[in-house]
Amino acid sequence: SFRSARAPPSCRAGPRSITHTPLGMDHNKFKTCGQSSFCATFSPALATRPAQYQLVPGSIQHTRKKGLRARIWQPHVGENSTLTLLLQPLSGVTPSEPPLWRFRLLGRAAPNQFTVASVLKLPRLSMVVQSSLQSGDAADGAADSYTLRAESAEWWSELELKVAPFRVSLYAAAQGHTRS
């Protein structure tokens, strides 16, 4: 059986007001949004952007017939983020087309071993075109960009490589026209 207990006489009177005035608060017991892992992950204003790739200084190798080989990496991530970049100019299907570029990324650092387009077979585009390489110098004398150029009878094609952050831009035009 259930029995209810009677409330003591002090509680039987009408409603009373209870007030509490805080004397102080310890702010160290609370996290800011920037200190919270949830907020730092999901807040667009505070979320960290992924580290951007950069060309590894001194890693660029260029030959007129084989194109360019270089390493790119994310300096804040470390050596494990290193990738090998291969760029090779190829002739178009017809001589009246601009040169095309074969782009390959190779990952050799464990555990990130992978190959992108390592077995790319382009039977009609297998003729390699000669290319030239120029560097664009920054104010401090270090190269801040590189330009690969390939030409066909009627066209030219250029790849501009920005060192940091790493970017590739493609330009193509008919012979006699310049890049603006």
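Mentor: Let's go through this chain by question and answer, keeping in mind that the model is predicted.

Trainee: Okay, how many helices and strands does the chain have?
Mentor: There are 2 helices and 10 strands. Starting at the N terminus, the order of elements is α-α-β-β-β-β-β-β-β-β-β-β.

Trainee: Which strands form an open sheet?
Mentor: That sheet is made of 4 strands in the order 7-8-9-10, with antiparallel pairing.

Trainee: And why is one side of strand 7 and of strand 10 left without a neighbour in the sheet?
Mentor: Strand 7 (131-137) and strand 10 (167-174) are at the edges and have a single partner strand each, so one side of each has no neighbour there. On average, neighbouring strands in this sheet are turned by 20° against each other, ignoring direction.

Trainee: How many bridges join strand 9 to strand 10?
Mentor: Strand 9 (residues 155-162) and strand 10 run antiparallel and are joined by 8 bridges. For example, Leu161 has Val168 in strand 10 as its bridge partner.

Trainee: Switching to side chains, how many aromatic pairs are there?
Mentor: Searching the whole structure gives 0 aromatic pairs. There is a charge over a ring, though: the charged end of Arg179 sits over the ring of Tyr171, 4.1 Å from the ring's centre.

Trainee: Nice. What share of the chain is buried?
Mentor: Buried residues account for 26% of the 180 residues. The chain exposes about 13200 Å², and carbon and sulfur atoms supply 55% of that area.

Trainee: Last one: what about contacts between residues at least 24 apart?
Mentor: Those make up 33% of the contacts between residues at least 6 apart in sequence.

Methods: Residues are numbered from 1 along each chain as its sequence is written. This is a predicted model: local features need pLDDT of at least 70, side-chain atom pairs count only at pLDDT 80 or more; totals for chains, interfaces and linings use all residues. Side-chain values use heavy atoms; hydrogens and water are left out. Rings of Phe, Tyr and Trp (its six-membered ring) pair if their centres lie within 6.5 Å; planes under 30 degrees apart count as stacked, over 60 as edge-to-face and the rest as tilted. A charge sits over a ring if NZ of Lys or CZ of Arg is within 6 Å of the ring centre and within 35 degrees of the ring normal. Buried means under 20% relative accessible area, exposed over 50%, partly exposed in between (1.4 Å probe, protein chains only). Contact means heavy atoms within 4.5 Å. Accessible areas come from the Shrake-Rupley method with a 1.4 Å probe; for residues, only the protein chains shown count as cover. Two strands pair if DSSP finds at least two bridges between them. Axes are lines fitted to C-alpha atoms, for helices over the stretch in contact, and angles run from 0 to 180 degrees between N-to-C directions.
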